[in-house]
Amino acid sequence: MTQRLQCLLEVLDGHRVYIQTHNFPDPDALASAYGMQQLLSVFGIDAVICCKGMMEKASTSGMVDIFGIELVNINDIEDMTADDYVLTIDAQANNSNIADIPGKTAACIDHHPTAVPYEYLFRDVRICGACASLVADYFFSNKVAIDKNTATALMYGLKMDTDDLNRGMTDIDVEMYRRLFYYTDQDKLNQILSQQMVFSDLNDFIAALRGIKVFDGIGFTAIADGASDGLIAEVCDFMLDLVEVQFAVAYSMRDGGVKISVRSELNYLDAGTITANALEEIGAGGGHGVMAGGYIPKSSIENAEFDLEEEIQNRFINAVYFSRMLKNALKDPLAEIPE
Ligand SMILES: [Mn+2]
């Protein structure tokens, strides 16, 4: 047994264990949590998977059915105490995307860089494309037999988080892909891969596509009021597929304000930074280089003089323009940088 697994088991031994994903878990988070639950059960530890905010996106809620994943909403757990141990997976303690929990956050397995340090009893943070690769490594490095269902779930998480092996791939992702491949149920994988949207979203999806506007490589579209996070993300992903679009912004009105989803296909257009800049003083936003989200609260727009759509467009156009100028300035130090 690897030292890593031995250490994890020693830490968790004797406690009631919860595996916690980030809020509104994505396929990689769910697959990783499920894989870890299966691995721990081999060593006699029964863990409960929990999170805050269930999955609105068809691709993630479909996982629960297709792989038989049992998932508990943190708000529905009444008897958790400080003696219970929490293993965060695909997420780290103190991050804004993970809910506070009564149990003790004792362990962490994640593939993201650490934003806020935290003293775990066990910590396994390795930067790679998908957390599912780390979980798969626990099986293969320890020669623990992996069943088809678990392997297929991990394969799905790996494919989704790496955008089909295009994004952030590292050695361990390549190796785990190769090893999981032999255990993957292709029919099941294809089934879940082609479950990205529900039929009732279709009219809103079509309307959003009809409304796409492109300004200088930036695609914008509004989605029907109250659209799900999943639909907004789906429309945003679609816009990037257009040849004319390198940066995509999709938004929808909610009761509390405007929800915004952002995608970038270029390294120098960092979606997180651009979103944070674009929404300065009017809302908040941030995220990864390729994928980000933002929010404008109702209070910012209620008595505003501006047209909301124009305001969003202008703010993003300016923020993207600034990033382009910055890139050119790095190439040519004498080029002018906008104020
Ligand atoms: Mn992940």
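Colleague: Into which domains is the protein divided?
Modeller: The bounds come from an automatic or database domain assignment. The model is a predicted one, in which local features need pLDDT of at least 70, side-chain atom pairs count only at pLDDT 80 or more, and totals for chains, interfaces and linings use all residues. Residues are numbered from 1 along each chain as its sequence is written. On that numbering the protein is divided into domain 1 (3-193) and domain 2 (202-331).

Colleague: How far apart do the C-alpha centres of domain 1 and domain 2 lie?
Modeller: The C-alpha trace of the protein spans about 60 × 45 × 40 Å along its principal axes. The separation of the C-alpha centres of domain 1 and domain 2 is 30 Å.

Colleague: What radius of gyration does the protein have?
Modeller: The radius is taken over C-alpha atoms, and the globule rule is 2.2 Å times the number of residues to the power 0.38. For 339 residues, a compact globule would have a radius near 20 Å, and the protein agrees with this, having 21 Å.

Colleague: Are helices α4 and α6 oblique or parallel?
Modeller: Helices (H or I, at least four residues) are DSSP runs, numbered from the N terminus. Axes are lines fitted to C-alpha atoms, for helices over the stretch in contact, with angles from 0 to 180 degrees between N-to-C directions. The axes of α4 (residues 131-141) and α6 (residues 171-181) come within 9 Å and cross at roughly 60 degrees. Angles under 35 degrees count as roughly parallel, over 145 as roughly antiparallel, 65 to 115 as roughly perpendicular and the rest as oblique, which makes α4 to α6 oblique.

Colleague: Which residues of α10 and α12 meet?
Modeller: The axes of α10 (residues 271-278) and α12 (residues 308-331) come within 9 Å and cross at roughly 130 degrees. Two residues are in contact if their C-beta atoms, placed from the backbone, lie within 7 Å. In α10 these are I274, N277 and A278, and in α12 they are R315, F316, A319, V320, F322 and S323.

Colleague: Is the crossing of α8 and α9 left-handed or right-handed?
Modeller: Helix α8 (residues 202-210) packs on helix α9 (residues 229-241) at an angle of about 40 degrees, with axes 10 Å apart. A crossing is left-handed if the near helix is turned anticlockwise from the far one by less than a right angle, and right-handed if clockwise. The crossing of α8 and α9 is right-handed.

Technical notes:
Helices (H or I, at least four residues) and strands (E, at least two) are DSSP runs, numbered from the N terminus.
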